[in-house]
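Welcome! Take a moment to look over the sequence and the 3D view, and then read on for a short tour.

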Amino acid sequence: MLYQIADGTLSVGGNPILRHFDFEIRGAEKLALVGRNGAGKTTLLRLIAGELDLDRDDRRRGNGITCDRKLTVGVLSQQAVRDPERTVEEEILSACPATDRFSRERFEYEQTYDRFLTALGFSKDCKKKKLSQFSGGQQTRIALIRLLLEKPDILLLDEPTNHLDLAAVEWLEEQVRTYENAVVMVSHDRFFLDRTAQAVYELEDGRLTRYPGNYTAYRAEKEKRLRLQKKAYEQQRQEEERLLGLVERFKHKPRKAAFARAKKKQLERMKKVEKPAEDGPRMVSGPIEPLIRGGKWVLEADRLRLGYDKPLLELSFRLRRGQKVGLLGPNGAGKTTFLRTIAGLQKPLGGTFSLGSNITMGYFDQNTARLETDQTVLEHFTALFPAMTEKDARKTLGMYLFSGADAGKKISSLSGGEKARLVLAELLASRPNFLILDEPTNHMDIPAKEALEAAFRAYTGTILVVSHDRYLIRQVADSILLFENGTAMYYPFSYEHYLERKRGLKEGETVAAQVSARDQALISSLRSVPKGERHRLREIPTEEAYRDWKLRLAGEEMEKIRDGLEETTELLEEMDRRWEESREFWDGEERPDERARQELEAKAGRQWEMWHEACLEWMEVYEEGPHCGGPDSSQSVKDCF
């Protein structure tokens, strides 16, 4: 065991933070500390760093902390710079173990820190500048470089992704994963924890609990443990009531008095199961259906030119009903401009776009969340939905963390994140069929983000969402629209799939360039041929023709499964419509076709899996090499998603 705390108690200023807790670091594992603000995460990091000591405890044997050897500990804190008059080069080279300026070790060290500087957005000419000339965020990046080069036995990271752009965060993820020693980290970036953590310690109510796996595995395991604890608690309550009933029934009967005493002792000896704590707010569980279904095609854009004084990019794009698309790309690439154009808040510079039939839109950005009123949350919400009873309004608000006293807060006293959450609750309660969301969870804590993610997943309409929160994109989006280098590329798979593909690229190559180059070559060759003669394309090599033949077969299979899935979905919708119009529904009777509906749902689930596999097969064939494919082959997969 590299580092271990056994039966420790930790207080700060006389206030207990953790009581009788165990903590251990096994070898070079990567650990995450999670918990609400103020739970003690940073305090525990300070204990590991040696800045704090455990409380004295006469019952504890030894000092409570054991290590297998003398350890070096490196800490990335907010106050990262010790001497602001040092230059960047002096700061980083002070950690170099090589004393000889001309040794190979010194040469490799300098090469590594040059790469690290570039990866974190610094130019090489900044090495001669003093640290005082950099912002606090830049100083933290420099301190991070020094720590990674020092390679302490235990690396402690407190919010390491603050002040980093997406490319730098992805670089840091790789550094943490491949770091040769142990890492303990605190971060609100759940995706970062998912990509790096091997185990999670949760700090809650003065206790420390270890969970195996990354952040997502921790959440799943915690929910499982809570379900089991709740079930055990309810079973215990039932058994207690049964035994107590027997005692009360027989304690006054002479012939049964001994039996009653035995049951009373059994009741007293029963091991108590602790009542499970509520794990955050009650999440949206049932589907959030739009009031109006809307047409099959929600949005169609043809050579749409986006920008202000000059065009940022041009794109053609079709959005199908029910799709949830995440928009990714650097700042200034055109993501927000695209959303504002679609929402009608900004005129396009050229091209055309149109919304489908019966499309009702809900638009959110940070400006829409600037509510200013002296009404309470409940008053404001019920004024917007007068047909909703107060009980239903409170229930709805509770799903978005405005429960109990929070519903009575004045809107003028809410934080920016709380106002944004209220506006999103209003949007989802109004149930449009097309949501356009620009950074919906900015300035929100993790419980608020998870409540909204549950709502977005439950929503069955169409979503276009821009967010820097990669965990939200992964949880909500089923495909990606990537804005990069003045182009927009539709990627018909999840964010995880995109990252896997991105890791396989050569240096300097982009996913957009790799896919779009083939698409554009195909499109341009087709446009150069008169419409009536496009069937007379040039002869193609045998291998290319073979690939194209496989692509066509894979596309046909994919479309066949998609059509079957659509048919099953429409049958389910028709079945639900008939049930809601029936007399039995309004009389509160049991649904007679429930079993048939479950079978149909199971069929739809199987078709969805088959469709996903067919799409993956299409993509594998597509990636084999150049192909002609005809005008429909590249479009078929986009129509499918």
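This is a predicted model: local features need pLDDT of at least 70, side-chain atom pairs count only at pLDDT 80 or more; totals for chains, interfaces and linings use all residues.

The protein chain has 641 residues, 47% of which count as buried, and it holds 20 helices and 18 strands.

**The chain as a whole**

- The accessible surface of the protein chain is about 34700 Å², and carbon and sulfur atoms make up 48% of that surface.
- Looking at contacts with a separation of 6 or more, 69% are between residues 24 or more positions apart.

**Helix α1**

- Helix α1 covers residues 41-48 and is largely enclosed by the rest of the structure, because six of its eight residues are buried.
- The buried residues in α1 are Lys41, Thr43, Leu44, Leu45, Leu47 and Ile48.
- Just after α1 comes Gly50, which takes a positive phi of about 90°.

- You can find Asn433 in the loop between α12 (416-430) and β15 (434-438).
- Asn433 has a relative accessible area of 3%, so it counts as buried, the cut-off being under 20%.
- The Asn433 side chain reaches the backbone oxygen of Asn358 at 2.9 Å.
- Leaving aside residues up to four places away in sequence, Asn433 touches several others, among them Pro290, Ile292, Arg293, Asn358, Thr360 and Tyr459.

**Aromatic rings**

- A search of the whole structure turns up 17 aromatic pairs.
- One of these is the edge-to-face pair of Tyr211 and Tyr218, with 5.1 Å centre to centre and 70° between the planes.
- Both tyrosines are buried: Tyr211 has a relative accessibility of 5%, and Tyr218 has a relative accessible area of 4%.
- Phe250 and Phe259 also form an edge-to-face pair, at 5.6 Å centre to centre with 80° between the planes.
- In this phenylalanine pair, Phe250 is buried at a relative accessible area of 11%, whereas Phe259 is partly exposed at 33%.
- Ring pairs also link Phe191, Tyr491, Phe493, Tyr495 and Tyr498 into a cluster.

**A lysine over two rings**

- Which residue lies over the face of Phe250? Lys256 does, at 5.7 Å from the ring centre.
- Lys256 lies over the face of Phe259 as well, at 5.9 Å from that ring centre.

Conventions:
Residues are numbered from 1 along each chain as its sequence is written. Side-chain values use heavy atoms; hydrogens and water are left out. Helices (H or I, at least four residues) and strands (E, at least two) are DSSP runs, numbered from the N terminus. Buried means under 20% relative accessible area, exposed over 50%, partly exposed in between (1.4 Å probe, protein chains only). A polar contact is a pair of N or O atoms within 3.5 Å; within protein, one must be able to donate a hydrogen and the other to accept it, and residues adjacent in sequence count only if both atoms are side-chain atoms. Contact means heavy atoms within 4.5 Å. Accessible areas come from the Shrake-Rupley method with a 1.4 Å probe; for residues, only the protein chains shown count as cover. Rings of Phe, Tyr and Trp (its six-membered ring) pair if their centres lie within 6.5 Å; planes under 30 degrees apart count as stacked, over 60 as edge-to-face and the rest as tilted. A charge sits over a ring if NZ of Lys or CZ of Arg is within 6 Å of the ring centre and within 35 degrees of the ring normal.
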